[in-house]
Amino acid sequence: MDDPDLRTRLDRYLARQAGQRPPSNFENHILERVPVAARSRRWVPEAVAVLVAAAMIGGLFVAVRGTQPSPTSPPASSPIPEPAVLSGAGAQVAWLLIQMQDQQHEVGIVGVDPRAYIVRKLVPFGGMRSGDGNRLIASPFPGQQSQVISAATGEVERTVVTQLNGGIRSVSWDGRFAVGEKGTQVELVDVDAGRSLGIVDLGPAGGGVLGVSRDGKHVYVCCKAQKLTSLVWDGTSLRVEAQALDGKDGHRLPSCGSPPATSRMLPDGRTLVAYCPDGNRVWWLDLERLTVTKELPVEQGNPFWLAPIWAPDGSMLYLHEPRTNSFQAVDLRRQTLVLKTKLAVARTPDPLRWLAERFVISAEAGCVGQTGAVSPDGQSLYLLDGRGLSVRRLPDLSVKSYWRRDSGMDALWLSGDGGTLYASDHDRVSVFGGDGRLVAEVKPGASISGCAW
Amino acid sequence: MAHAGAQPAVDRLAFEAAVRSESRKLYGLAYSVLRDAGEAEDAVQETMELAWRAWQSMRDPEHRGAWLRQICLRRCLRLRRRLKNRWPLRDAEPAPAELETHDLDLERAFARLSLRQRAVLALHYHYGYPLDQCAGLMRCRPGTVRSHLARALARLRKELQDG
């Protein structure tokens with residue numbers, strides 16, 4: 001080559017490319033999948049022996065841990081796969097954030113059922129919904145206690161007597177446990193029993209409840225004072241189980257400067273994936289080792305624009321930016337960005353709309369309007385793509401059909417069984433059956449923000 | 001009695017050793033061409049599956065590395081064609097993770113090259129294969145490889161000047 005500068009740059013670049021490394025257990029994955037016929041048979045006795053030995057060692061390890069808890073390696077909750085299809089009655093009802101125009105702009109939620117009937121309006125409301133979709137846990141308002149509300153009927157199931165009266169920050173998948181937070185204090189609540197299980201004051205490390213394990217035994221708090229804390233409920237009290245300091249002993253915490261916009265526990269029961277709009281990152285947190293195993297940069301124009309869309313089986317996270325129609329797909333198992341594309345450009349009926357969008361940012365009340373939803377079987381994506389409400393095949397995003405074109409819809413919510421799709425615009429909710437038939441439209445008499453619980 | 005279709009234990013052990021010694025090198029090659037971690041993993045996985053099926057045909061350990069690279073390279077080119085149909089506009093821009101590499105201009109220019117152009121650059125300049133051997137690995141004529149190389153370099157120069 002007669003261009004030494006290009007040759008140098010090329011050498012450096014190619015060396016960097018060729019120096020890329022696969023995951024640490026890459027070879028084992030290959031060997032597991034290659035059909036080496038006799039190997040598995042020949043190794044059966046050895047494998048059984050290894051498993052038995054591992055079980056014995058594991059039992060011994062657990063027994064030892066019972067008396068000598070490790071300072072930095074808490075046991076994660078046992079893996080319990082979350083079902084992709086949520087069949088409970090409550091999981092079929094959409095609960096959407098509303099803002100009342102005639103009551104000092106109070107924020108609440110409205111429930112709409114698959115027949116397009118309004119289930120109930122809860123104003124004011126602050127709180128969370130359980131992962132199975134069946135319960136709403138309301139944060140206490142001044143002078144009140146926290147309430148457990150049926151997502152199916154909107155009725156109060158019970159009042160929970162908490163000591164802290166802090167805001168509800170996390171709810172276990174089945175809604176049996178909730179975590180409240182006030183200042184630096186964290187409280188674990190047994191929702192079924194309607195009582196507090198304990199409070200821990202974390203001091204400088206407090207503030208920033210990340211989640212609670214499905215069995216309600218572990219609470220994770222991150223990342224004040226550069227610490228990630230694991231709390232454990234041991235049957236009698238809530239206490240600090242382990243604490244990791246960023247950069248020490250191999251622990252690495254998320255670089256995110258703010259709480260994640262959305263997070264989800266992976267089917268392995270020990271990995272929490274979160275999208276952090278502040279740092280343009282998706283990160284994977286190993287709750288057993290209390291360390292970030294991967295931070296993946298994604299592109300976003302504005303933190304309030306990028307709508308995260310989870311595949312129900314926890315395998316993929318899609319990120320859709322409705323203003324630009326950029327679409328990214330993150331493979332959560334492989335921890336890689338598998339797709340980055342731009343969908344067809346949205347039509348802009350108003351010639352000055354693009355100008356307005358550059359200056360007017362509609363930051364909603366603490367959440368990003370959901371512009372997409374994935375069917376429980378992971379095969380279809382419902383997406384507001386600027387041209388209307390499209391149904392697309394996954395993974396190639398090819399359009400199957402448009403259920404509505406040129407609509408003013410700005411948010412979607414899919415029922416837990418995948419049979420009902422709710423789409424909202426400023427003051428109206430359109431309810432579609434699974435075949436795309438419009439069941440009805442309903443106006444809840446409030447401004448709808450586009451955020452769903 | 002051996003299982004029907006099963007291969008001797010010595011083959012299995014040799015294969016396992018090859019997986020452990022060659023997979024990462026193959027991954028580097030695949031990544032150089034495909035520029036995507038997931039696709040590179042798939043390419044190496046498929047390479048090893050194919051290699052195992054034909055393992056008994058390659059008895060000479062000294063040539064196994066080159067043989068695996070040849071399979072991997074061909075799988076990369078075929079895999080890429082297939083995935084291109086699945087993932088639209090894949091090549092539009094480098095992935096965000098790749099934007100962190102230092103030479104962004106070269107990264108963008110490299111992304112615009114064809115797969116064969118990338119492959120010949122990687123094989124010739126990084127792995128040091130003479131062009132005749134590149135042709136063997138890529139299953140094309142030496143003249144074609146020279147043409148790929150010349151066009152790749154010309155395009156890189158142009159993109160870098162324009163960029």
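The legends below describe close-up views of a predicted model. Residues are numbered from 1 along each chain as its sequence is written, and chains are lettered from A in the order in which they are written. Local features need pLDDT of at least 70 and side-chain atom pairs pLDDT 80 or more, while totals for chains, interfaces and linings use all residues; side-chain values use heavy atoms, with hydrogens and water left out.

**View 1. Strand β14 of chain A and its two partners.** Strands are DSSP runs of E with at least two residues, and helices are runs of H or I with at least four, numbered from the N terminus. Two strands pair if DSSP finds at least two bridges between them. Strand β13 (residues 218-222) of chain A pairs with β14(A) in the antiparallel sense over five bridges, and His218(A) stands opposite Val232(A). Four residues separate β13(A) and β14(A) in a hairpin, where Ala225(A) in the turn has a positive phi of about 55°. With strand β15 (residues 238-245) of chain A, β14(A) forms seven antiparallel bridges; Ser230(A) has Ala242(A) as its bridge partner. The hairpin of β14(A) and β15(A) also has four residues between the strands, and Gly235(A) takes a positive phi near 105°. Buried means under 20% relative accessible area, exposed over 50%, and partly exposed in between (1.4 Å probe, protein chains only). Six of the seven residues of β14(A) (residues 227-233) are buried, so this strand is largely enclosed by the rest of the structure.

View 2. Rings of Phe, Tyr and Trp (its six-membered ring) pair if their centres lie within 6.5 Å; planes under 30 degrees apart count as stacked, over 60 as edge-to-face and the rest as tilted. Eight aromatic pairs are counted by this rule over all chains. One of them is the edge-to-face pair of Phe26(A) and Tyr27(B), with 5.8 Å centre to centre and 70° between the planes. Phe26(A) belongs to helix α2 (residues 26-33) of chain A and Tyr27(B) to helix α1 (residues 9-34) of chain B, so the pair joins two chains. Phe26(A) and Tyr27(B) are both buried. Ring pairs link these two residues and Tyr31(B) into a cluster.

**View 3. An open sheet in chain A.** Four strands lie in the order β3-β2-β1-β32, with antiparallel pairing. The edge strands, β3 (118-122) and β32 (447-452), each pair on one side only. Three bridges join β1 (residues 94-99) to β32(A), and Ile98(A) has Ile448(A) as its bridge partner.
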